[in-house]
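I opened my notebook beside the structure and looked things up one at a time. Here are the entries, in the order I made them.

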Amino acid sequence: MQTRIAKVLAGVVVSLPLLAAPVFSADSGGSSSGDEVKCSNGMVYNKETKKCEAPKAGMINDDSLYSAGRALAMDGKYDEAIKVLTLAADKTDPRILNYLGYSHRKAGRVLVGLGYYQEALRNNPDYTLVREYMGEAHLMLGDVAAARVQLSEIEKRCGKGCREYGMLEEQIDAYLRAG
């Protein structure tokens, strides 16, 4: 039985690169690289080789893993995003930690997500997107005061006119209207 499973897995691994097709999409925040490449079937676009590849620790650079993990998270594929993001060599990268937090939170593991957000902020307290997502996590737990603390921290860093401030303010207002 194990031999049969191994053969099937080997066949899948060999055929996956044939199925991977890069897709370009506009980045909607968290990265300043402009166009991002998405690969199908769990593959990750490697910016160095310019190919879709199976994600493996050390074989794909952290920027490629971040881009792929973020894209998966934004597509609602939270568990796949977590698998990709955990392969990053730099476990302290706030971008990686942010999207690990986002993916766990969106998958219903809010407290796990908060832990990742807190770690990201220890490494970069000025990362306002983390603060916005953290505020949303606090709202999911019913803690409006903690969400407002994050809103205030965002305001200190980029003012009321920045995107993250507006997004969290809108989430808090919607939460209060629904309550």
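**Entry 1: the cysteines**

Is Cys52 buried or exposed? I found Cys52 buried, with a relative accessible area of 12%. Here buried means under 20% relative accessible area, exposed means over 50%, and partly exposed is in between, with a 1.4 Å probe and protein chains only.

Before going on, I noted that this is a predicted model, in which local features need pLDDT of at least 70 and side-chain atom pairs count only at pLDDT 80 or more, while totals for chains, interfaces and linings use all residues. Residues are numbered from 1 along each chain as its sequence is written, and side-chain values use heavy atoms, with hydrogens and water left out.

Next I looked up the partner of Cys52. A disulfide joins Cys52 to Cys39, with an S to S distance of 2.0 Å. I took a disulfide to be a pair of cysteine sulfur atoms within 2.5 Å. The pair links distant parts of the chain, 13 residues apart: Cys39 sits in the loop between β2 (35-38) and β3 (44-46), and Cys52 sits in strand β4 (residues 51-53). Helices (H or I, at least four residues) and strands (E, at least two) are DSSP runs, numbered from the N terminus. Cys39 is buried too, at a relative accessible area of 16%.

Why is this disulfide called left-handed? The torsion about the S-S bond of Cys39 and Cys52 is about -80 degrees, so the disulfide is left-handed.

I then counted the disulfides and got 2 for the structure. The other entry on my list joins Cys158 to Cys162, again with S to S 2.0 Å. Cys158 is partly exposed at 33% relative accessible area, whereas Cys162 is buried at 13%. Counting bonded cysteines along the chain, I wrote the pattern down as 1-2, 3-4.

**Entry 2: the chain as a whole**

I counted 8 helices and 4 strands. Along the sequence they follow the pattern α-β-β-β-β-α-α-α-α-α-α-α. Of the 179 residues in the chain, 41% are buried. I also checked contacts (heavy atoms within 4.5 Å). Among those with a separation of 6 or more, 44% are between residues 24 or more positions apart.

**Entry 3: α2 against α4**

How do helix α2 and helix α4 pack? Helix α2 (residues 62-74) and helix α4 (residues 94-106) pack at an angle of about 20 degrees, with axes 10 Å apart. Axes are lines fitted to C-alpha atoms, for helices over the stretch in contact, and angles run from 0 to 180 degrees between N-to-C directions. α2 and α4 are therefore roughly parallel to each other. Angles under 35 degrees count as roughly parallel, over 145 as roughly antiparallel, 65 to 115 as roughly perpendicular and the rest as oblique.

The residues in this contact include Tyr66 and Arg70 of α2 and Tyr99 and Tyr102 of α4. By class, I have 6 nonpolar, 1 polar and 4 charged residues for α2 with α4. Ala, Val, Leu, Ile, Met, Phe, Trp, Tyr, Cys and Pro count as nonpolar, Asp, Glu, Lys and Arg as charged, and the others, Gly among them, as polar.

I stopped at Asp63, which lies in α2. Asp63 is partly exposed, at 38% relative accessibility. Leaving aside neighbours within four places in sequence, Asp63 is in contact with Lys47 and Arg95.

**Entry 4: α4 against α5**

α4 and helix α5 (residues 110-123) pack at about 165 degrees, with axes 7 Å apart. That makes α4 roughly antiparallel to α5. Among the residues in contact are Leu97 and Leu100 of α4 and Val112 and Tyr116 of α5. I sorted the contact of α4 with α5 into 9 nonpolar, 5 polar and 2 charged residues.

**Entry 5: α6 against α7**

My last stop was helix α6 (residues 128-140) and helix α7 (residues 144-158), which pack at about 165 degrees with axes 7 Å apart. That makes α6 roughly antiparallel to α7. Where they meet, I found Met134 and Leu139 among the α6 residues and Ile154 and Cys158 among the α7 residues. The contact of α6 with α7 divides into 7 nonpolar, 4 polar and 4 charged residues.
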